[in-house]
2 protein chains.
Amino acid sequence: MIAAGRSATPSDDGLALFTDFYELSMLQAYFEEGLYEAAVFSLFVRRLPQRRNYLLACGLDTVLEQLEGLRFEPSDLDYLAGLDRFSERFLRWLEAFRFTGTVRAMPEGTPVFANEPILEVTAPLPEAQLIETLVMNQIHLQTVQASKAARLVATADGRPVVDFGARRMHGLDAALKGARAFHIAGVASTSNVLAGKQYGVPVSGTMAHSYIQAHHDEAEAFGAFARLYPETVLLVDTYDTLEGVRRVIELSGELGDDFRVHAVRLDSGDLGELARQARRMLDEAGLQQVGIFASGGLDEHRIAELLAHGAPIDAFGVGTSMGIAPDAPDLDIAYKLAEYAGEGRLKLSSGKPILPGAKQIYRRREGNRFAGDTIGRQDESQPGEPLLQPVMRDGQRLPGHSRDLDTLREYARAQLEQLPPGIRAIEPAETPYPVAISPALQAHQDAVTRTIQARYAASGRTSETGDGDHSND
Amino acid sequence: MIAAGRSATPSDDGLALFTDFYELSMLQAYFEEGLYEAAVFSLFVRRLPQRRNYLLACGLDTVLEQLEGLRFEPSDLDYLAGLDRFSERFLRWLEAFRFTGTVRAMPEGTPVFANEPILEVTAPLPEAQLIETLVMNQIHLQTVQASKAARLVATADGRPVVDFGARRMHGLDAALKGARAFHIAGVASTSNVLAGKQYGVPVSGTMAHSYIQAHHDEAEAFGAFARLYPETVLLVDTYDTLEGVRRVIELSGELGDDFRVHAVRLDSGDLGELARQARRMLDEAGLQQVGIFASGGLDEHRIAELLAHGAPIDAFGVGTSMGIAPDAPDLDIAYKLAEYAGEGRLKLSSGKPILPGAKQIYRRREGNRFAGDTIGRQDESQPGEPLLQPVMRDGQRLPGHSRDLDTLREYARAQLEQLPPGIRAIEPAETPYPVAISPALQAHQDAVTRTIQARYAASGRTSETGDGDHSND
């Protein structure tokens with residue numbers, strides 16, 4: 001057991017309690033009422049954020065691993081017992097709790113659009129209910145992160161993008177999962193060493209201003225670092241960026257054939273203009289092989305602007321903008337009951353429709369491009385490739401879906417290449433990607449709606465009071 | 001040991017590797033060069049976000065606990081050895097690594113402004129360097145969260161605000177630490193059960209639409225839930241909000257004296273209008289004691305608008321807007337070397353000044369209000385209360401600073417009350433809170449700047465090339 005201060009979260013608790021309190025309240029009610037039949041829940045994003053033409057689904061493998069291991073530990077049950085809300089019988093039932101359901105999902109690295117299920121869970125109602133908070137939190141996080149990173153990678157157009165976000169991302173888990181999601185989306189490496197250890201993401205880094213500041217002078221700091229790490233990147237903006245570049249050139253004279261510095265890093269000022277001047281100075285000194293690495297407040301729009309103006313930058317370090325995604329830090333993600341005991345379910349509350357039943361997404365291609373999707377019923381057939389595949393059955397991951405990060409990254413790359421150019425662009429698309437509802441699914445939604453409306457009206461025994469006609473659509 | 005899928009992060013790794021790769025590269029360089037003397041690092045926010053008049057410092061106790069336990073585990077050292085970058089001697093040194101430094105900090109729940117150190121670390125250079133990423137990440141997270149929550153609590157003006165954010169916050173750590181930070185900032189309770197267990201934050205919750213949907217009809221669901229949890233909150237908007245309210249009223253007739261439902265929850269539609277109509281219906285039915293709980297896309301501006309229009313809402317559930325703080329999800333936080341080996345340090349790069357040396361913040365009062373701050377040198381005396389207090393010495397937490405969440409919450413409440421009303425308001429302040437630099441600190445900064453400039457010019461042996469005059473200010 002790892003003491004609280006030493007582990008990557010405040011304790012080594014399991015994840016069964018990472019749930020909203022109402023889930024456990026409902027679970028006890030289901031337990032008391034005997035509502036154990038099969039439920040289908042769909043996880044989907046209701047609307048794309050204004051600044052996203054598509055999302056990149058991510059986080060599935062993380063969730064499946066969490067579901068396989070979901071257990072209530074004795075200390076969890078002690079805590080719940082102390083809340084004076086749950087019966088001893090129910091706590092004994094929780095003690096034996098395992099997730100035994102089926103999950104169908106699109107592979108990580110698949111572009112996804114509004115209302116398309118990223119995954120669907122079929123399980124006894126209490127099991128499918130309990131996992132709501134965890135599944136939403138984890139898929140939301142990595143999907144936000146991968147979707148943002150894909151924009152940066154596309155904009156850098158082949159130049160490496162490096163994740164510098166750990167210091168300002170929202171906590172330890174965000175920084176660790178982020179490094180994973182970014183790598184799947186095409187980011188070259190991360191500065192986050194623990195993410196390197198946990199996920200095998202390549203780690204990289206340069207030097208900080210504090211290293212320069214701690215030395216008596218900058219040239220001494222450059223020399224010491226380059227002798228220890230010959231193929232390093234030297235940070236040149238601590239005192240004066242171009243004077244820093246000149247000192248790197250001087251160092252190349254001192255070291256001669258031992259000079260193997262890979263790049264200089266610019267971290268402040270007018271990066272485009274400084275990159276041009278630094279490039280000219282390095283070239284004039286015969287140091288064409290020394291690259292220019294830029295960082296400091298970069299996002300995809302700033303990178304696009306730098307490259308459009310021909311800034312000779314070879315790689316980008318991106319921190320906060322990729323790590324937090326401030327232009328779209330949250331998604332209108334939902335995990336909704338779509339079927340229970342074989343009957344389609346939905347709600348009628350305003351602006352938040354649910355597509356009932358188990359579904360499938362069919363994606364059509366024209367040549368090498370995705371041409372449009374149809375969301376249909378699971379058991380129907382539509383033109384195009386079905387995106388949701390079984391990945392877990394009876395609570396066990398199925399073989400066949402990849403968990404290897406390099407394989408997922410290559411899959412994502414190939415998927416992103418197939419997006420229409422206007423959808424992959426960082427500016428809002430003039431025409432959104434076409435997503436249709438199949439006639440059979442539409443008919444099912446209409447039928448379920450009619451059934452529920454009729455049953456609702458019939459159950460309103462005193463609806464003649466007149467309050468029933470205030471629909472909040 | 002907890003298997004990966006069961007713990008609240010992907011593994012039970014310690015936190016020593018939660019650091020940027022360049023920190024370890026610099027550490028090995030410091031080790032090789034013998035740079036072990038005392039360094040002072042300051043953690044501060046360079047600028048307040050546009051939509052914040054103040055920040056609420058938070059996360060200190062979390063960080064101190066992490067620093068006390070910081071160790072490189074055998075598996076960490078194995079991973080580092082495999083990177084082919086670090087010498088065996090250096091890895092042996094890491095094996096014995098402990099944080100032995102001193103930390104001075106403002107108490108959690110203290111309002112803080114631009115350039116004011118939230119904490120200062122004094123430690124041998126490598127120790128103070130290694131912890132940069134972790135300390136920044138953790139203080140940044142909880143300060144973002146507490147600062148946002150304080151705005152919601154102030155706006156709700158005594159009505160309870162409940163944290164519903166777990167499902168969309170950025171990962172597990174953000175959701176757990178958020179519940180802690182929110183509670184310090186005055187939030188009443190959280191839906192996050194694991195946060196309740198780990199931090200003792202009160203947990204609460206109502207019911208989800210899925211519970212209603214899973215039942216044959218709404219009235220049946222209300223009845224079952226209210227019989228199991230008599231003092232519950234019933235969610236009324238699954239099908240038709242006011243018809244839902246009517247069914248709650250019917251239930252009160254059925255249950256008679258056993259009807260003890262605490263509130264109805266509105267989660268969609270025009271919350272202000274629905275609250276007014278629901279209030280009227282409940283009052284006409286003699287159910288004055290049944291409150292109205294509102295949720296669904298709320299933030300401080302929406303709450304202010306609802307209350308300004310007299311919406312009879314008794315409590316608010318807030319999720320994404322508090323959890324992610326989309327209007328200010330990141331801070332321009334920095335952790336900068338301010339002194340090494342007894343000499344003030346800074347950098348000259350554009351737009352990012354550093355105040356050299358160990359510092360103190362003096363906060364003046366006029367009556368019961370904070371009237372202005374002066375950032376001075378640690379060893380000088382200025383009018384006002386000094387905010388930075390020793391909280392850790394020789395790597396051990398000092399007794400005396402509170403770790404109790406209720407005490408921190410009460411301290412924060414009293415602190416927030418002392419802010420000038422225009423600063424505490426959610427709209428941008430016309431006049432920012434006054435923060436001055438003391439003459440002694442200004443003189444020190446000038447002197448250190450001159451020393452560094454002179455040394456820098458002298459060390460630029462061939463500065464007559466003319467490239468040295470391109471200042472990137």
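1. A residue is called buried here if 20 or more other C-beta atoms lie within 10 Å of its own, exposed if 12 or fewer do, and partly exposed in between, with C-beta atoms placed from the backbone. By that rule, seven of the nine residues of helix α2 (residues 60–68) of chain B are buried, so the helix is largely enclosed by the rest of the structure. The buried residues are Leu60(B), Asp61(B), Thr62(B), Val63(B), Leu64(B), Gln66(B) and Leu67(B), and what covers them includes β3 (102–105), β5 (119–124), α6 (132–156), α7 (171–184), β17 (389–393) and β18 (396–397) of chain B. Helices (H or I, at least four residues) and strands (E, at least two) are DSSP runs, numbered from the N terminus.

2. The structure is a predicted model, in which local features need pLDDT of at least 70 and side-chain atom pairs count only at pLDDT 80 or more, while totals for chains, interfaces and linings use all residues. Residues are numbered from 1 along each chain as its sequence is written, and chains are lettered from A and ligands numbered from 1 in the order in which they are written.

3. On the division of chain A, the bounds come from an automatic or database domain assignment, which gives domain 1 (4–145 + 328–356 + 388–430) and domain 2 (152–324). The C-alpha centres of these two domains of chain A lie 37 Å apart. Counting two residues as in contact if their C-beta atoms, placed from the backbone, lie within 7 Å, 19 residues of domain 1 of chain A are in contact with 20 residues of domain 2 of chain A. On the domain 1 side, α6 (132–156) and α15 (405–417) of chain A each supply at least two residues, and the largest share, five residues, comes from α15(A).

4. Between the chains, 119 residues of chain B are in contact with 119 residues of chain A. On the side of chain B that touches chain A, α1(B) gives the most, with nine residues. That side has 49 nonpolar, 41 polar and 29 charged residues, where Ala, Val, Leu, Ile, Met, Phe, Trp, Tyr, Cys and Pro count as nonpolar, Asp, Glu, Lys and Arg as charged, and the others, Gly among them, as polar.

5. A helix pair joins the two chains in this contact: the axes of α10 (residues 218–228) of chain A and α1 (residues 21–33) of chain B come within 10 Å and cross at roughly 105°. Axes are lines fitted to C-alpha atoms, for helices over the stretch in contact, and angles run from 0 to 180 degrees between N-to-C directions. Angles under 35 degrees count as roughly parallel, over 145 as roughly antiparallel, 65 to 115 as roughly perpendicular and the rest as oblique; α10(A) and α1(B) are therefore roughly perpendicular to each other. The contact is made by Ala224(A), Phe225(A) and Leu228(A) of α10(A) with Gln28(B), Ala29(B), Glu32(B) and Glu33(B) of α1(B), and by class has four nonpolar, one polar and two charged residues.

6. Chain A has an open sheet of four strands in the order β16-β14-β15-β19, with mixed pairing, two strands being taken to pair if DSSP finds at least two bridges between them. Its edge strands are β16 (385–386) and β19 (435–437) of chain A, each of which pairs on one side only. Strand β15 (residues 369–377) of chain A and β19(A) pair in the parallel sense over three bridges, and the bridge partner of Ile375(A) in β19(A) is Ile437(A). Helix α17 (residues 439–459) of chain A packs on this sheet, touching β14 (359–366), β15 and β19 of chain A, and its direction makes about 35° with that of β15(A).

7. In chain B, six strands form an open sheet with parallel pairing, in the order β7-β6-β11-β10-β9-β8. Strands β7 (189–190) and β8 of chain B stand at the edges with a single partner strand each, so one side of each is left without a neighbour in the sheet. Strand β8 (residues 233–235) of chain B pairs with β9(B) in the parallel sense over three bridges, and Leu235(B) has Arg265(B) as its bridge partner in β9(B).

8. Two loop residues of chain B deserve a look. Asn115(B), in the loop between β4 (111–112) and β5 of chain B, has a positive phi of about 70° although it is not a glycine, and Asn115(B) is buried, with 21 other C-beta atoms within 10 Å. Asp157(B), in the loop between α6 and β6 of chain B, also has a positive phi, near 55°, but counts as exposed, with 9 C-beta neighbours inside 10 Å.
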